[in-house]
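Work through the exercises below with the model open. Each task is followed by a stepwise solution.

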Amino acid sequence: MDSSSTAAPPPPPTADTERYTYSPRLRWQPEVEEYFAAAYGADRFARISKALAHPSCYSCIRVNTLKSSTDAVMRKLMDLVYENGLSVRINGLDIGEQNGGDQAHEGSSLVHKCPYAGLENVLFVRGSGPHLLHYDSQPGQSVKEVIVSRKCAESVLRGAQVYIPGVLACSSHVEKGDKVAVSVAIEKPVEDGGWVVGITRGTVLQGLQSDAHYEERKGLYIGQGITAMSRAGIFRVTHGIAVEMTDRVYKLPSFNDVLEGEIFLQNLPSIVAARVLDPQPGERILDMCAAPGGKTTAIAILMRDKGEVVALDRSHNKVMDILKLAAEMDLNCIKAYKLDALKSVRKTTEGRNHGMADNHSEAIETMAEDSDSCHITVDVWATNAGEDNSTATIVQSGQEHADDKRYASKADLRKNLRRMKNGPGRNNCSGDRVEKSKGFFPNSFDRVLLDAPCSALGLRPRLFASMETLESLKNHAKYQRKMFDQAVKLVRPGGVIVYSTCTINPGENEALVRYALDTYKFLSLVSQHPKVGGPGIVGSCELYNKTYTEEWLTEHEAELVQRFDPSSSLDTIGFFIAKFNVGQREN
């Protein structure tokens, strides 16, 4: 294109150019929207709602300072940029397109150190967007399109490719190598009060107004890419990449599989939460809801891998993920167990019955059904289908002594043989062992991090929020209070509890703090370091036709917590952190 055409003013917007844009509007249940508007103010909540529908414009990297340094990692990233052919593109980010396509910037503007005190092990990697893309088509033909699910689109906005399971509909006559526009279908309300996508997977798009979600997809185009297979292939196979994204509305660099073990991609507020806990070498720390292990490993690194970090999750595969991440980062102080956090506290009478005197002891058993190793040796006679024996001797690999044999039914043998034949499960779990805990005695830990399961209404990008009602938000809060009750019992006097969530809901944040302070007089809310977020919400809110008042914080208390606002200049997810000191309990 010559310079004169480049300098020409852009054409006025047409129906098509307005259609092929990204301008989502997050929809809420009316009662929830009214509640949040009362908490934040209508204008502020509108800004938050808009920000939630867009990703942050940077990625956050936490450096494993036990294996490297922030400066060393920064140099290695710059080497990747300039020496390994990534100077033009890092997983979809063109350096020269930063700041609206200005001239190429130095690598130091792409990767730079976190400016906040106490976060010297954090690097920011700059992205860009939103970009106005041009969706080209052949003369006389409509743009070839692919419609993806909402969850797929949210991943694409964070830098992922379009994978097969996420594709809902596709234009006819799409072949491998075609350029396609990618849009998203968002759930619509139905008469029974529910929400459905309303597209049958495999639907053919003709480029007509009669196409599925034609009007609804206006302003919901997230980029364009090259198909990795034909339309027929996309709806015939079950896995793999369907579309390689070449132009994105948001270009966010990702360093997956880069500097493995030395860096970890993590949201800034999550890194802050682990820092606020302030774990010390030699202490015993509990991470109650630990998966996928980001905060667990951050705590272990802050302790210099000295002491003990106990990580809990009720999912076998998630426990395996935690252990895998700990091994990748060469951390030895992490012990991960399968346990529901609501059952974290073990009764002291139970300990006496088992002859346990030490209140730091806990009952641990190795999982048998979920986690027996798939790598087994089966006695030859056991594989004979003609045998009538109902049991067989199996020896797990790695066992060296004959007395380690145990007996299993033929049904167990068939189950294990199927595992060997079918390979890893959908979460790449190879059937390795995890340990199951029966809980821990009161006063067992110096510090507890409760990053509670929540409504997750602070995560971004988020394209749908109407699944939450006032009642469901209330249920989240009830669940969190039960978990907090467990945490209080597990921390010794003089210890610390840090409570955090990734939601903007005051009922799961400030209201939980109010409950904690009113219920446990020996708890005190304390200041936090580092302090990056803003203050909490003050006051109260009347709900359910003024039949219930939800109490929040005083002005002094609000200054002691951290609330991360997605619409603020920090450009983070929505997040909340509260820190409590545990005093002496009354007998």
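A cavity is a set of grid points where a 1.4 Å probe fits but cannot get out, and its lining residues have an atom within 4 Å of a point. The model is predicted.

**Exercise 1. The cavity**

Task: Find which residues line the largest cavity, and state which elements give two or more residues to that lining.

Solution: 
- Step 1. Count. The structure holds 1 cavity of 30 Å³ or more.
- Step 2. Size it. The largest cavity contains about 50 Å³ of space.
- Step 3. List the lining. Its residues are Arg 62, Asn 121, Ile 271, Ala 274, Arg 275, Ala 298, Ile 301 and Leu 302.
- Step 4. Assign elements. Two or more lining residues come from each of α10 (268–277) and α11 (294–302).

**Exercise 2. The sheet**

Task: Give the strand order of the open sheet of 4 strands, and explain why one side of β4 and of β15 is left without a neighbour.

Solution: 
- Step 1. Recall the bonding. Strands of a sheet pair through backbone hydrogen bonds, in a parallel or an antiparallel sense.
- Step 2. Write the order. It reads β4-β5-β1-β15, and the pairing is antiparallel.
- Step 3. Find the edges. β4 (111–113) and β15 (263–265) each have a single partner strand, so one side of each has no neighbour in the sheet.
- Step 4. From one strand to the next, it averages 30 degrees.
- Step 5. Look at one pair. β1 (residues 58–63) joins β15 over 3 bridges, in the antiparallel sense. Within β15, Ile 263 is the residue opposite Val 63.

**Exercise 3. The helix**

Task: Sort residues of helix α4 into buried and exposed, then explain why the buried ones line one face.

Solution: 
- Step 1. Set the cut-offs. Buried means under 20% relative accessible area, and exposed means over 50%.
- Step 2. Collect the buried set. In α4 (residues 42–52) it is Phe 45, Ile 48, Ser 49, Ala 51 and Leu 52.
- Step 3. Check the geometry. Viewed down the axis of α4, these residues fall within an arc of 165 degrees, so they line one face.
- Step 4. Recall the rule. An α-helix has 3.6 residues a turn, so residues three or four places apart point the same way.
- Step 5. Turn to the other side. There, Ala 42, Asp 43 and Lys 50 are exposed.
- Step 6. Name a cover. The buried residues of α4 are covered by elements including α3 (30–40).

**Exercise 4. The whole chain**

Task: How many helices and strands does the chain have, and what percentage of its residues is buried?

Solution: 
- Step 1. Count elements. The chain has 17 helices and 30 strands.
- Step 2. Take the burial. Of the 587 residues, 50% are buried.

Notes:
Residues numbered from 1 in each chain as written. Predicted model: local features only at pLDDT ≥ 70, side-chain atom pairs only at ≥ 80, totals over all residues. Heavy atoms only, no water. Pairing = 2+ DSSP bridges. Axes fitted to C-alpha atoms, helices over the stretch in contact; angles between N-to-C directions. Buried < 20%, exposed > 50% of the residue type's maximum accessible area, 1.4 Å probe, protein only. Arc of directions from axis to C-beta. Contact = heavy atoms within 4.5 Å. 1 Å grid on protein atoms, 1.4 Å probe; cavity = no way out; pocket = protein on both sides within 12 Å on 5 of 7 lines; lining within 4 Å. Points joined across faces, edges and corners; volume = space filled by probe spheres on them.
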